[in-house]
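Please examine the model below. The questions that follow concern its fold, its packing and its confidence.

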Amino acid sequence: MTGTLRSLRSCGSGTRVRHTVLGALVGVAALLATGVTAIPASAAPDPGTVAPSARERALAFWTPQRMREATPLDVLSFDRSDVRTSAPRKGKATVVAPSTPAADTGPLAIPNGGGPWTGGGAVTKTAGRVFFTYQGRTASCSGNAVTSANKSTVITAGHCVKLEGAWHTNWVFAPGYHDGQTPYGTWTASKTLSTPQWTASEDINYDIGAAVVAPLDGKKLTDVVGGQGLAFNTGYNKAMYAFGFPAAAPYDGQKFIYCSGTTYRDFLLSGDHGLTCDMTGGSSGGPWFTRFDEATGTGLQSSVNSFKYNFLPNAMYGPYFGADAQNLYQSAQSS
């Protein structure tokens, strides 16, 4: 996808930023703190590994105060005529089973356009906030731990690992984040990856990212929080649940929010899933599940929060998990 450059002013900073990737879309990922100076970190490779010294700096950098004080950029607006996308490549339907222990929850309403998740269950441990440095400022997205051979794989949005041609630094994952607390620790990325299409040209149909996190206190991620399952090439028009940590108004990034309903294929510009959902900036990268069981909080991750159209503020869109999403997952879990 390509798009005409647009300049926007970030909240309260007086600094102008440029964005080239979403055409007629509104990006919902980056939360940039104002007045915070980032500790320099080595640039993440494209893709590649993060040096142990850089991981140590990232862990020291992300204090609870910095996590709480992250604030969103203004939403981005673009010209519809500038958008060109390639259709997501399909493949054989494949399912990876969850590896997280079952936990009882109570039933919640479906559909839901965006409210606090009060059911508990496994998803409250596997999903979490993602923090990183973007253009010298602190930023935040959402992510989710998945079943993987290395027990260390997090799935998120592509623009939550790379944006405007640069890989994010100081990248960490805080599973189970709530109210400024990180009950399962802060996990630093040893490697960040994305699909070839997002890496090369930031194509919105392939806005999928992954991170491999280093062990924490001698333990691997999914041994601590469990891992959700995944589904690839399983079609459109599915009952799905979307989760994330939106931080732009009316949300504040401290609560775990969900949307649910029957998805539809985007009839405008992309090949993505669409869902009625009012989550805002900071929710990008949060997981979408098919076959989600409210009784246990487990499901099959089938997409991520990716973008909104500026003229459809109550609809969220997420990429189709096709052949390239599956290849990304295989690359991450084998790292």
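Helices (H or I, at least four residues) and strands (E, at least two) are DSSP runs, numbered from the N terminus. The model is predicted.

Q: How many helices and strands does the secondary structure of the protein come to?
A: Runs of both kinds are present in this predicted model. The secondary structure comprises six helices and 23 strands.

Q: Among contacts between residues at least 6 apart in sequence, what percentage join residues at least 24 apart?
A: Contact here requires heavy atoms within 4.5 Å. For pairs at least 6 apart in sequence, the share that joins residues at least 24 apart is 74%.

Q: What percentage of the residues of the protein count as buried?
A: A residue is buried when its relative accessible area is under 20%. The protein has 335 residues, and the buried share is 60%.

Q: Which residues touch the most other members of the largest nonpolar core?
A: In soluble globular proteins, nonpolar side chains tend to be buried together. The largest nonpolar core here holds 41 residues. Those touching the most other members are Phe132, Ile155, Trp171, Phe173, Val213, Leu221 and Phe321.

Q: How many residues form the other core, which includes Val123 and Phe243?
A: This core lies apart from the largest one, and Ala127 and Phe256 are also among its members. Its residue count is 18.

Note on methods: Residues are numbered from 1 along each chain as its sequence is written. This is a predicted model: local features need pLDDT of at least 70, side-chain atom pairs count only at pLDDT 80 or more; totals for chains, interfaces and linings use all residues. Side-chain values use heavy atoms; hydrogens and water are left out. A nonpolar core is a set of buried Ala, Val, Leu, Ile, Met, Phe, Trp, Tyr and Cys residues joined through side-chain atoms within 4.5 Å. Buried means under 20% relative accessible area, exposed over 50%, partly exposed in between (1.4 Å probe, protein chains only).
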